[in-house]
Amino acid sequence: MASSGVGVSAAGTPNEAPEIPDNVGDWLCGVYHFAADRNDFQGNLILNLGLFAVGVWLARNLNDIDPMAPQLGV
């Protein structure tokens with residue numbers, strides 16, 4: 001392909017902040033309001049049960065790691 005001579009830069013100017021699409025910002029705002037809403041018992045219950053399940057999963061799966069075991073590559 002031939003070059004047209006038009007300079008195209010994907011990064012923009014060095015001082016230009018990266019733009020966040022509106023839908024991502026709205027999603028983050030919604031997540032924050034969902035987590036911070038003190039009157040939403042059902043939502044907080046679901047969130048807390050999910051965090052508890054993640055903690056249980058991590059505790060069960062990271063329990064097998066022995067940090068004092070000799071390392072093979074060292």
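This briefing covers the fold, the surface and two residues of the protein chain. The model is predicted. The protein chain has two helices and zero strands. Of its 74 residues, 3% are buried.

**Overall surface**
- The protein chain exposes about 7400 Å².
- Buried residues account for 3% of the chain.

- Helix α2 spans residues 41-61, and Ile 65 sits in the segment after it.
- Ile 65 has a relative accessible area of 56%.
- That value makes Ile 65 exposed, because the cut-off for exposed is over 50%.

- Asn 44 belongs to helix α2.
- Its relative accessible area is 18%.
- Asn 44 therefore counts as buried, since buried means under 20%.
- Beyond its neighbours within four places in sequence, Asn 44 is in contact with Phe 34, Ala 35, Asp 37 and Arg 38.

**The two residues side by side**
- Asn 44 is buried, whereas Ile 65 is exposed.
- Asn 44 lies in helix α2, while Ile 65 lies in the segment after α2.

Technical notes:
Residues are numbered from 1 along each chain as its sequence is written. This is a predicted model: local features need pLDDT of at least 70, side-chain atom pairs count only at pLDDT 80 or more; totals for chains, interfaces and linings use all residues. Side-chain values use heavy atoms; hydrogens and water are left out. Helices (H or I, at least four residues) and strands (E, at least two) are DSSP runs, numbered from the N terminus. Buried means under 20% relative accessible area, exposed over 50%, partly exposed in between (1.4 Å probe, protein chains only). Accessible areas come from the Shrake-Rupley method with a 1.4 Å probe; for residues, only the protein chains shown count as cover. Contact means heavy atoms within 4.5 Å.
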